[in-house]
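Trainee: I would like to go through some labels used for this model and ask what stands behind each of them.

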Amino acid sequence: MPVRRSVSKPGPDLPGRPGRLLPGLATAAVALAAAFLVHRLVPALPAMTLAVVLGVLAANLPVSGVWTAGRARPGLDFAGKHLMRGGIVLLGLKASIMDVLGLGWLALVLIVAVVGASFGGTYLISRLFRLPPVTSLLVATGFSICGASAIGAMAAVRRIRHVDTVLPVALVTLCGTLAIGVLPLLVHPLQLSAPVFGAWTGASVHDVGQVVATAQTAGTAALGIAVVVKLTRVLLLAPVAALAGAHHRFAPRAENPADRDNAKLPPVVPLFVLGFVAMVGLRSTGWLAEGWLDAGAALQDILLGAALFGLGSAVRIRTLLHTGGRALLAALASWFLIAVLGLAAALLIAG
């Protein structure tokens, strides 16, 4: 009897032929160049937000929509998953333990409390609006920590499907963009000083680029404290991801014991999260010259920008309008909750 050989097929996110990735990666590169160009011309528009918006446009225009859903899809999915992880690793080069400790213990406790309350509150709100548990988890992670980067990290840790990250990324981008326009309008009515406004921005706005775009409207004093407060939130990505990984590994995997035995257990702490922690430690040593930090920041923007374009290119507006009404209301309610929590903490930190 002839012996039949089983041939393992590549997963959907890792095509068998590298050439299948090229159309999507090339498309992401062109879109990213356009995003950087617009950001250079209009600095108030963050490049990462533009990358998501261009992805959504590409997915919903007639000709480009066929391209992004067809030949470009393997490369765009690869960018949305794997380039995202590389960008998260390099994100660690922006955070220094010394800068964070410079805020003082009260500020650190308040920031951790805001992140914890934001995470729990956003998850609860999402569930009250009857969003699925997976979507609620990703929305809570993105809103409370660092936007789309945190969503990508949580999705990888919990083995969440790539397609399930599309709606949370769209929501966190929308609400972060809303903050850029709304928060500066509240400075005078609320009589906020520049440091308080900066701390508020850092404690409540989702993405790092969105924090910079919002805080810089109040000057360098606001921008400086906003970045440090925001990067303190970014540092919490590692312990949150580790806790989520541990829970996913040791929680019951299936009702059938045989299914549990056959299920492949994820690592407690994925390699890219360890890489993020290593980059934070390397930045904190002070050994890296400014040139290396600038190069790391540029590469991180490229990787995250390509990933966000890939995620945005999977958003179909028609489907979103039909299925995302409750999600949008939940996101807006969560955005308001985090803004209130962040303002209370900012008044105590810098008031």
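Mentor: Start with exposure: buried means under 20% relative accessible area, exposed means over 50%, and partly exposed lies in between. Keep in mind that this is a predicted model.

Trainee: Why is Asp164 called partly exposed?

Mentor: Asp164 has 25% relative accessibility. The limits are 20% and 50%, so Asp164 counts as partly exposed.

Trainee: What makes Arg161 exposed?

Mentor: Its relative accessibility is 54%. Exposed means over 50%, so Arg161 counts as exposed.

Trainee: Why is the contact between Asp164 and Arg161 called a salt bridge?

Mentor: In general, side chains of opposite charge can pair when their charged atoms come close. The cut-off is a side-chain nitrogen of Lys or Arg within 4 Å of a carboxyl oxygen of Asp or Glu. For Asp164 and Arg161 the N to O distance is 3.1 Å, so the pair meets the definition of a salt bridge.

Trainee: How many salt bridges does the structure hold?

Mentor: Three. Another one joins Asp77 and Arg73, with the closest N and O atoms 3.0 Å apart. Both Asp77 and Arg73 are buried.

Trainee: Why are Asp77 and Arg73 about one helical turn apart?

Mentor: Because they are four residues apart in helix 4, which spans residues 73-91.

Trainee: What is the distance between the closest N and O atoms of Asp301 and Lys94?

Mentor: They are 4.0 Å apart, and the pair forms a salt bridge. This pair links distant parts of the chain: Asp301 is in helix 16 (residues 290-312), whereas Lys94 is in the loop between helix 4 and helix 5 (97-101), 207 residues away. Asp301 has a relative accessible area of 24% and is therefore partly exposed. Lys94, at 26%, is also partly exposed.

Trainee: How do you know that Asp207 has no salt bridge?

Mentor: The nearest side chain of opposite charge, Lys230, is 7.0 Å away. A salt bridge needs the nitrogen within 4 Å of the oxygen, so Asp207 has none, although it is buried. Asp207 sits in the loop between helix 10 (194-204) and helix 11 (208-215).

Trainee: Which backbone atom does the side chain of Asp207 reach?

Mentor: The backbone nitrogen of Gly209, at 2.9 Å. The limit for a polar contact is 3.5 Å between N or O atoms. Beyond four places in sequence, Asp207 is in contact with Met48, Cys146 and Lys230.

Trainee: Why is Ser118 called buried?

Mentor: Ser118 has 1% relative accessibility. Buried means under 20%, so Ser118 counts as buried. Ser118 is in helix 6 (residues 105-128), and its side chain reaches the backbone oxygen of Val114 at 2.6 Å. Setting aside residues up to four places away in sequence, Ser118 touches Ser144, Ile338 and Leu341.

Trainee: Which residues touch the most other members of the largest nonpolar core?

Mentor: Phe143, Trp200, Phe272 and Leu308, in a core of 79 residues. Apart from that core lies another of seven residues, including Ala58 and Phe309.

Key:
Residues numbered from 1 in each chain as written. Predicted model: local features only at pLDDT ≥ 70, side-chain atom pairs only at ≥ 80, totals over all residues. Heavy atoms only, no water. Helix = DSSP H or I, 4+ residues; strand = E, 2+ residues; numbered from the N terminus. Buried < 20%, exposed > 50% of the residue type's maximum accessible area, 1.4 Å probe, protein only. Polar contact = N/O pair within 3.5 Å; in protein donor to acceptor, adjacent residues only side chain to side chain. Contact = heavy atoms within 4.5 Å. Core = buried A, V, L, I, M, F, W, Y, C linked by side-chain atoms within 4.5 Å. Lys, Arg positive; Asp, Glu negative; His and termini not counted.
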